Amino acid sequence: MIIHLLNPNSTASMTEKAREAAVAVAAPGTRIIAANPAGTPVSIEGYADEAMALPAMLTAIRRAEADGVNAHVIACFDDPGLKAAREIASGPVIGICQAAVQVAMTISARFSVVTTLPRSVPIIEDLIVEYGASHCCRRVRAADLPVLALEDDGAHAADLIAAEIDAARDNDRAEAVILGCAGMADLAAQLQLRCGLPVIDGVVAAVKLAEAMAGGGFATSKIGAYALPRVKPGSVLLAG
């Protein structure tokens, strides 16, 4: 089985961090192909960054489809372009936010999310509503930490995130916490041990869900919303 792990931003070190987290949990026989497109924002921090990343992201998914991958994981917690990606993919396409929320709802009755910057809070809140989890989500918290700071000073970042996890446990009465950024993937194990409750990394959750779905033979429906895009003259997405 081949899983295409796609980081929509152009920061290679963040892609490698996500790849390592994925490889660590991949089942025997699962191959992880990690990629990040060139020319996209160095981090995804808002709707404009998402929009600028999408053309290259969709092109990368189309190419991976041609190479015969079995499933795709979009390694950005905003789940950018998730529905568009499902239009052009035959196998499952998993967003790390949706996967993490599904895991959290399975292993806990109430959870909170800890993300990077305050501007990400309303984006994640809207996703949680869309995924039908608002009744289980206590709060979306921000560590007030730029995404790239996760690459520059991991120890300081871990301290800031841990403080928010502690607050989620003590003040929100959360029973589990989701890490709201793919750049936090390497911190999940230590934060779980430090804070004493389940800490869910969306990359791991999405990879395991992708394995299960592809292994079960579940393909993306091509009837209705996720039908293949119509071929149009001059289409950049469908060009070779």
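This is a predicted model: local features need pLDDT of at least 70, side-chain atom pairs count only at pLDDT 80 or more; totals for chains, interfaces and linings use all residues.

Visitor: Which residues are closest to the centre of the largest pocket?

Guide: The lining comprises 17 residues, and those closest to the centre are Asp-78, Asp-79, Leu-127, Glu-130 and Tyr-131.

Visitor: And which elements give two or more residues to that lining?

Guide: They are α2 (47-66), α3 (82-88) and α5 (120-130). The most comes from α5, which gives four residues.

Visitor: How does the lining of the largest pocket divide by class?

Guide: Eight of its residues are nonpolar, two are polar and seven are charged.

Visitor: What classes of residue make up the lining of the largest cavity?

Guide: There are eight nonpolar residues, seven polar residues and one charged residue in that lining.

Visitor: Now to the helices. At what angle do the axes of α1 and α9 cross?

Guide: Helix α1 (residues 12-25) and helix α9 (residues 202-215) have axes that cross at roughly 50° and come within 9 Å. The two helices are therefore oblique to each other. In handedness, the crossing of α1 past α9 is right-handed.

Visitor: Which residues make that contact?

Guide: From α1 the contact involves Ala-18, Ala-21, Ala-22 and Val-25, and from α9 it involves Val-203, Val-204, Val-207, Lys-208 and Glu-211. By class, this contact of α1 with α9 has seven nonpolar residues, two charged residues and no polar residues.

Visitor: What about α7 and α8: how far apart are their axes?

Guide: The axes of helix α7 (residues 154-170) and helix α8 (residues 188-195) lie 10 Å apart, and the helices pack at an angle of about 45°. That angle means that α7 and α8 are oblique to each other. Here α7 passes α8 in a right-handed crossing.

Visitor: Which residues of α7 and α8 make the contact?

Guide: On α7 they are Ala-158, Asp-159, Ile-161, Ala-162, Ile-165, Asp-166 and Arg-169, and on α8 they are Gln-190, Leu-191, Arg-194 and Cys-195. The contact of α7 with α8 divides into six nonpolar, one polar and four charged residues.

Terms used:
Residues are numbered from 1 along each chain as its sequence is written. Side-chain values use heavy atoms; hydrogens and water are left out. On a 1 Å grid over the protein atoms alone, a cavity is a set of points where a 1.4 Å probe fits but cannot get out, and a pocket is an open set with protein on both sides within 12 Å along at least five of seven lines; lining residues have an atom within 4 Å of a point. Ala, Val, Leu, Ile, Met, Phe, Trp, Tyr, Cys and Pro count as nonpolar, Asp, Glu, Lys and Arg as charged, and the others, Gly among them, as polar. Axes are lines fitted to C-alpha atoms, for helices over the stretch in contact, and angles run from 0 to 180 degrees between N-to-C directions. Angles under 35 degrees count as roughly parallel, over 145 as roughly antiparallel, 65 to 115 as roughly perpendicular and the rest as oblique. A crossing is left-handed if the near helix is turned anticlockwise from the far one by less than a right angle, and right-handed if clockwise. Contact means heavy atoms within 4.5 Å.
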